[in-house]
Amino acid sequence: MTSSSSVTLSQALLARAISHSNSTSDRVSLSSLPSFSGLKSTSSAAASVKLARVPRRGLSRPLRAAAVETLDKTTDTSLVEKSVNTIRFLAIDAVEKANSGHPGLPMGCAPMGHILYDEIMRYNPKNPYWFNRDRFVLSAGHGCMLQYALLHLAGYDSVKEEDLKGFRQWGSKTPGHPENFETPGVEVTTGPLGQGIANAVGLALAEKHLAARFNKPDSEIVDHYTYCILGDGCQMEGISNEAASLAGHWGLGKLIAFYDDNHISIDGDTEIAFTENVDARYEALGWHVLWVKNGNTGYDEIRAAIKEAKAVTDKPTLIKVTTTIGFGSPNKANSYSVHGAALGAKEVDATRQNLGWPYEPFHVPEDVKSHWSRHTPEGAALEAEWNAKFAEYEKKYAEEAAELKSIITGELPAGWEKALPTYTPEVPADATRNLSQANLNALAPVLPGLIGGSADLASSNMTLMKMFGDFQKGTPEERNIRFGVREHGMGAISNGISLHSPGFIPYCATFFVFTDYMRNAIRISALAESQVIYVMTHDSIGLGEDGPTHQPIEHLASFRAMPNILMLRPADGNETAGSYKVAVENKKRPSILALSRQKLPNLAGTSVEGVAKGGYIVSDNSTGNKPDVILIGTGSELEIAYKAGEELRKEGKAVRVVSFVSWELFEDQSDAYKESVLPAAVTARVSIEAGSTFGWHKIVGTKGKAIGIDRFGASAPAPIIYKEYGITVEAVIAAAKEVC
């Protein structure tokens, strides 16, 4: 029997996660992993099969072959083939109807997709958010009709027949690349090649961490796999190597990646640009590597490879599956023309004839439908079984269960924000990067899902949680992650951690200028509504002598232009604490904290509450909401605006000083609030920020002045650079006198 508490947990998670779905609470089952026996052979004895790792064309170094057994087929081969062809033609028909899409990958990968979703993976189609489900990532996201077809067959409510017919259309649940926020059952948003495999590493890291932290000798409450399909394009992108290197280093044994080795990319055969031995590279990265030579019809080989991959628990596994892109198409298979365009009516007919498919578009044969229908009750049973197990766990391990429940549901512990430090002007000046570390260490004990690290800059970004050790292969329960110099992989792995469970709050760090290395991962954070906190230090010319290669100029403006992300630039201790409060509370928006290297004073008038408004009044001697001039600053330049205000008041001016820590949060406020801070009648406005002035005229207006930097920085001590670039109190005073 499932206890009321475990049901509540499941229902709470579902209720929170389904903001974009109407599904209830069930999931697909393992139709238990098929028993293994010998491959077909001329002898009656069980035979082992070698999944050889033969080098790609012309590469001479062979890899050690791996001996594996194959599985007994769990389903009649003819029905498997019929199911596989159903997947192929659902993809063909959807792409044809849309006259847009990528049919080649689904046609080639249908066999491995069928075996994963029908025979191997544990999930509940009626509750896509069941915690202990296996995760699947289609890194080669252009082939998304493969995933949509599989979700449809498995019984997910998010992909009905009408959704397949609406592929790539306005308002569809089947967009042109997988989007987790649109289609329940899709774990992460993929499309930019290589992002998905890095997300999968994050998902697998999350599982390994939670298993080490919460499993007990008598209760394995966290136990699921992460599966991923990636293609040649993913392998070419550098991010995949960054992520794979870390996966091998961390020994993520429950990560199994299928490499769709079809030798075709948009420009043609990969021979023109990609001839490396991928197998050897992954072995060098610490992966277990297998090769399925016949991915088109070698169902037993695929099953056998998965079985061996699961038996290897100390390494992730790459299964290279050699497929034919566009399998079954008489005239376009094995060519780039089937990669990214509809087959065309004539070729669709020819493919139907070639594969013996007499059905109308989008038809699922009854025996295939009946076969797949078992996943709904089996999935419900799997979830109910887990709920009962969790109920027993909760009785024995109440404290651990409460922490795990917080991570599963995303519900923050009551009163967590009281842990945030507060500051007064009497507190000594400090760099906001140091204040950030104080906040991280204050929050770590009260936020069970806080986990993260830096790209080899922890001692400079100040991101270590001092009460925890390092997440490593032998200590996966720890919460400090060492990403090494891999910014792009770091960002995408953090996205995977965030999207594993709503209560994970991953943070990652580097110098602000090096967001250039990881921009695509940050953009996917924003698009996928992935709550990642980007701790970006050395945020301006204030870093000094390292010079223009390390001094961000355009970065603040560029992230303010990015939708659904919070760009926060705190000025002191209270604003740093306020920035963390905002970042923790925003579950569907990532946050970037731009933090200083140089020491900054704690200013009178700053507040945690003010940060939540985005822009707020720090000091003001005006009356009736009619200041003579408004001075606006962010981060390290708020101090400059503050001092300029004090000087102008000595001359009899009514001066309002405004901290503009987050443009996005200010935009979220009511018109009345915005008018109370920046009254429309007051056009005398001056902004100061040690970065590009791009965008600031939206704030200061055509009659205002924006002081900033619209050229690259320089190498010199910070005070000298500030003076030479005119980021000074004197410059603000002069501009204020000019506008008022």
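# Reading a predicted model, feature by feature

Guide: Let's start inside: the largest cavity is lined by seven nonpolar, one polar and four charged residues. For these classes, Ala, Val, Leu, Ile, Met, Phe, Trp, Tyr, Cys and Pro count as nonpolar, Asp, Glu, Lys and Arg as charged, and the others, Gly among them, as polar. Keep in mind that this is a predicted model, in which local features need pLDDT of at least 70 and side-chain atom pairs count only at pLDDT 80 or more, while totals for chains, interfaces and linings use all residues. Residues are numbered from 1 along each chain as its sequence is written, and side-chain values use heavy atoms, leaving out hydrogens and water.

Visitor: How many cavities of 30 Å³ or more does the structure have?

Guide: A cavity is a set of points, on a 1 Å grid over the protein atoms alone, where a 1.4 Å probe fits but cannot get out; its lining residues have an atom within 4 Å of a point. The points are joined across faces, edges and corners, and the volume is the space filled by probe spheres set on them. Here, three cavities of 30 Å³ or more turn up in a search of the whole structure. The largest holds about 60 Å³ of space, and its lining includes Tyr117, Met121, Arg133, Phe136 and Gly185.

Visitor: Which residues line the second largest cavity?

Guide: Among them are Ser406, Glu411, Leu447, Gly503, Ile505 and Lys587. That cavity's volume is about 50 Å³, and its lining divides into five nonpolar, four polar and two charged residues.

Visitor: On to helices. What span should I look for in helix α10?

Guide: Helices here are DSSP runs (H or I, at least four residues), strands are E runs of at least two, and both are numbered from the N terminus. The expected span of a helix is 1.5 Å times one less than its number of residues. Helix α10, residues 299-311, has 13 residues and should span 18 Å; its end C-alpha atoms sit 19 Å apart, which agrees. Now try α2, residues 77-98: its 22 residues reach 32 Å from first C-alpha to last, close to the expected 32 Å.

Visitor: Is α2 mostly covered or mostly open?

Guide: Mostly covered, with 16 of its 22 residues buried. Buried means under 20% relative accessible area, exposed means over 50%, and partly exposed is in between (1.4 Å probe, protein chains only). As for α10, 11 of its 13 residues are buried, so that helix is largely enclosed by the rest of the structure. Its buried residues include Tyr299, Asp300, Arg303 and Lys310.

Visitor: Can we zoom in on some side chains? Where does Asn85 lie?

Guide: Asn85 lies in α2 and counts as buried because its relative accessibility is 10%. Its side chain makes a polar contact with the side chain of Arg88 at 2.9 Å. A polar contact is a pair of N or O atoms within 3.5 Å; within protein, one must be able to donate a hydrogen and the other to accept it, and residues adjacent in sequence count only if both atoms are side-chain atoms. Leaving aside neighbours within four places in sequence, Asn85 is in contact (heavy atoms within 4.5 Å) with Leu355 and Trp357.

Visitor: And what does the side chain of His152 reach?

Guide: The backbone oxygen of Val159, at 2.8 Å. His152 belongs to helix α4, residues 145-154, and at 19% relative accessibility it counts as buried. Not counting residues up to four places away in sequence, His152 touches Leu90, Val159, Lys160, Glu161, Leu164 and Val364.

Visitor: Which element holds Ser460?

Guide: Helix α16, residues 458-461. Ser460 is buried, at 17% relative accessible area. Beyond its neighbours within four places in sequence, Ser460 is in contact with Arg433, Phe511, Thr537 and His538.

Visitor: What is the phi of Asp456?

Guide: Most residues other than glycine have a negative phi. Asp456 has a positive one, near 65°. This residue sits in the loop between β13 (450-454) and α16, and it counts as exposed at 55% relative accessibility. Asn625 also has a positive phi, about 55°. You'll find Asn625 in the loop between β21 (615-620) and β22 (629-633), where it is partly exposed at 28% relative accessible area. Asn99, which follows α2, has a positive phi near 55°.

How values were computed: 1 Å grid on protein atoms, 1.4 Å probe; cavity = no way out; pocket = protein on both sides within 12 Å on 5 of 7 lines; lining within 4 Å.
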